[in-house]
Amino acid sequence: TIENAMMPALINGWSNSAAHESAESILVRVGLKERLKHRVTKLSGGEQQRVALARALVMKPQILLADEPTGNLDHGNSVQVHELLMELNNELRLTLVVVTHNRELSGLMSRQVTIVDGALAEPV
């Protein structure tokens, strides 16, 4: 798990120790402290999604692009990821751009835009 989350930082030329520190920190923050040494394939779907989120955040971006972040999760795990996204948005002052069909998730966003026939349309 930790190696998976470290990969973007390593590819970007970070030292192994800096990448490890950043990955461990964000994995702990997303609730995976007890799973740092597990293989991603041994994690649940919700845990795998949190690893993907940690991997996206390891380099501390200002914007997170999320395409159907809960599309393959059951309702319980979806709610956990929704809450986590909103917490990270507040804590990290992170801009979220989320593409989703999930009305529950889109309802949490401060602004929603709908695409109709290929054009952007503000919700009514």
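**Pockets in a predicted model**

Let's start with contacts. Take those in the protein chain between residues at least 6 apart in sequence: 55% of them join residues at least 24 apart. Keep in mind that this is a predicted model.

Now the overall layout. The protein chain has 5 helices and 4 strands. Reading from the N terminus, the order of elements is α-α-α-β-α-β-α-β-β. Along the principal axes, the C-alpha atoms fill a box of roughly 50 × 30 × 25 Å. Of the 124 residues in the chain, 31% are buried. The accessible surface is about 8,100 Å², and carbon and sulfur atoms hold 51% of that.

How much space lies in the largest pocket? About 810 Å³. The lining counts 24 residues, and V98, S106, R111, Q112 and V113 are the closest to the pocket centre. Four elements are listed as giving two or more residues to this lining: α4 (75-91), β2 (95-99), α5 (103-106) and β3 (114-116). Which gives the most? That is β2, with 5 residues. By class, the lining of this largest pocket splits into 12 nonpolar, 9 polar and 3 charged residues.

Next, the second largest pocket. Its space is about 170 Å³. The lining residues are S22, S25, I26, R29, L57, K60, P61, E91, L92 and L94. Helix α2, residues 16-29, supplies the largest share of that lining, 4 residues. The classes here are 5 nonpolar, 2 polar and 3 charged.

Definitions and conventions. Residues are numbered from 1 along each chain as its sequence is written. This is a predicted model: local features need pLDDT of at least 70, side-chain atom pairs count only at pLDDT 80 or more; totals for chains, interfaces and linings use all residues. Side-chain values use heavy atoms; hydrogens and water are left out. On a 1 Å grid over the protein atoms alone, a cavity is a set of points where a 1.4 Å probe fits but cannot get out, and a pocket is an open set with protein on both sides within 12 Å along at least five of seven lines; lining residues have an atom within 4 Å of a point. Grid points are joined across faces, edges and corners, and a volume is the space filled by probe spheres set on the points. Ala, Val, Leu, Ile, Met, Phe, Trp, Tyr, Cys and Pro count as nonpolar, Asp, Glu, Lys and Arg as charged, and the others, Gly among them, as polar. Buried means under 20% relative accessible area, exposed over 50%, partly exposed in between (1.4 Å probe, protein chains only). Contact means heavy atoms within 4.5 Å. Accessible areas come from the Shrake-Rupley method with a 1.4 Å probe; for residues, only the protein chains shown count as cover.
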